[in-house]
Amino acid sequence: MTRIDLSSFEGEDSVRPLTTTALREASEVPGVEDVVADYPATLYAEREGTYDLASHTLPAGGELPVVAGRLPEVLGARQVVLPAEAQGTDFRPALGRTVPFGYTRATGAGTGTSEVVRLEVVALYDPAWQVDGVGGAYLAEGTAAELAAARAGKPVGAFRAQDGAAGAVVAVGHQRQVDAVTQVLQEAGFAASPVADRVRQLPGLFGVADLGMRAGVGVLGLTAFVLGWVRARESARARLESFAVLRVLGGGRGDLQRLLLGEAALTGLVAGGAGLALGSGVSVALVGPLSGLLGLPIGLADALPGVGWALAALVLPVVGLGAGAWAGGRTALREDPYLAARATG
């Protein structure tokens, strides 16, 4: 995943607030392509219904599981994306219409007035997608900031410069840059963490998945070693006559071992390449379902393995089968194949 979460903890002096200046500084870090700040507020029913929707900035990339309508590449200042239904209200009839929503403008300590904003409903998403809670309304960053500033009773510019955002998502150019950019942001005082870390920390199946992947690498290596060992022994025994001919022609035990090793390495390379292609295909096919299940935007580039994992998938079977073939070959060739062939007639 190529995204980093920035958090703002109110009252925590060690965490840098996400003000206009801070967000601008974050956007200037090498490798950062975009920074989208989140300004939570509330939209409630102005005429029909009794709903109160927590409003947020549309996530970076805008990858919501849309079930109706079309998500524009850039959300307009007076556009909104709603759940298909929430709090007993069906929003499907509102799709494509400009709908009045109520919001609060603070007028003093503990006091405020209700005002109306008209927003065009451009898309509806699956209500099961609840990364920001049940029934969130997603807005352009500027509109979200206006509503949050109104709730705080401040001009939007002053609110963004002084209070700052509740959170932000930093998009980087490539997955390999995530760790370096995260470290730079943390050193600059931001509470920054890769989105991938949040997935690993999820309970249940999601948290076990990362551990399972790492354990699987060890199992793959061990399995490849055992298969190489067994295959080398069986191959040596099945080709006693052929190996005997090689010995007669001057081939030594080391030459026979290298032959077994070369066969194992070639087999491992083919197996690793096939596994990498198959795994990548399955991963890409699961992008859509997992995005909705996890409540996180996952791009096609995020689904493909990084260079390190790709090399591991190719090299590990070669190394495992090769090591097993070398060990198994030494055991199988401990007896001279020429003499063994003569003994078996």
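Thr19 counts as buried, because its relative accessibility is 12%, where buried means under 20% relative accessible area, exposed over 50% and partly exposed in between, calculated with a 1.4 Å probe on protein chains only. This residue sits in the loop between E1 and H1, the helices (H or I, at least four residues) and strands (E, at least two) being DSSP runs numbered from the N terminus. Leaving aside residues up to four places away in sequence, Thr19 touches Arg160, Ala161, Gln162 and Gly164, a contact being heavy atoms within 4.5 Å.

The model is a predicted one, in which local features need pLDDT of at least 70 and side-chain atom pairs count only at pLDDT 80 or more, while totals for chains, interfaces and linings use all residues. Residues are numbered from 1 along each chain as its sequence is written, and side-chain values use heavy atoms, with hydrogens and water left out.

The protein chain contains 12 helices and 13 strands, and 38% of its 345 residues count as buried. Among the contacts in the protein chain with a separation of 6 or more, 73% come from residues 24 or more positions apart.

Four of the strands make an open antiparallel sheet in the order E2-E12-E1-E13, two strands being paired if DSSP finds at least two bridges between them. Strand E2 (32–38) and strand E13 (191–194) are the edges, each with a single partner strand, so one side of each has no neighbour in the sheet. On average, neighbouring strands of this sheet are turned by 20° against each other, direction ignored; axes here are lines fitted to C-alpha atoms, for helices over the stretch in contact, and angles run from 0 to 180 degrees between N-to-C directions. Six bridges join E2 to strand E12 (residues 167–172) in the antiparallel sense, and Ala37 stands opposite Ala168 in E12. Helix H1 (residues 20–27) packs on this sheet, where it touches strand E1 (3–7), E2 and E12, and its direction makes about 155° with that of E2.

A further helix, H4 (residues 178–187), lies across E1, E2, E12 and E13 and runs at about 170° to E13. Its buried residues are Val178, Val181, Thr182 and Leu185, and they lie on the same side of H4 because they cover an arc of only 100° around the axis, the arc being that of the directions from the helix axis to the C-beta atoms. An α-helix has 3.6 residues a turn, so residues three or four places apart point the same way. The cover over the buried residues of H4 includes E1, H1, E2, E12 and E13, whereas the face turned away from the buried side carries the exposed residues Asp179 and Glu187. Just after H4, Gly189 takes a positive phi of about 100°.

The structure also holds seven salt bridges, each defined as a side-chain nitrogen of Lys or Arg within 4 Å of a carboxyl oxygen of Asp or Glu. One of them joins Arg105 and Glu115, whose closest N and O atoms are 3.0 Å apart; because Arg105 lies in strand E9 (residues 98–108) and Glu115 in strand E10 (residues 111–125), the pair ties together parts that are 10 residues apart in sequence. Lys154 and Asp163 meet in another, at 2.6 Å from N to O, with Lys154 partly exposed at 30% relative accessibility and Asp163 partly exposed at 32%. Finally, Glu85, Asp90 and Arg92 are linked in a network of salt bridges, within which the closest N and O atoms of Asp90 and Arg92 are 3.1 Å apart.
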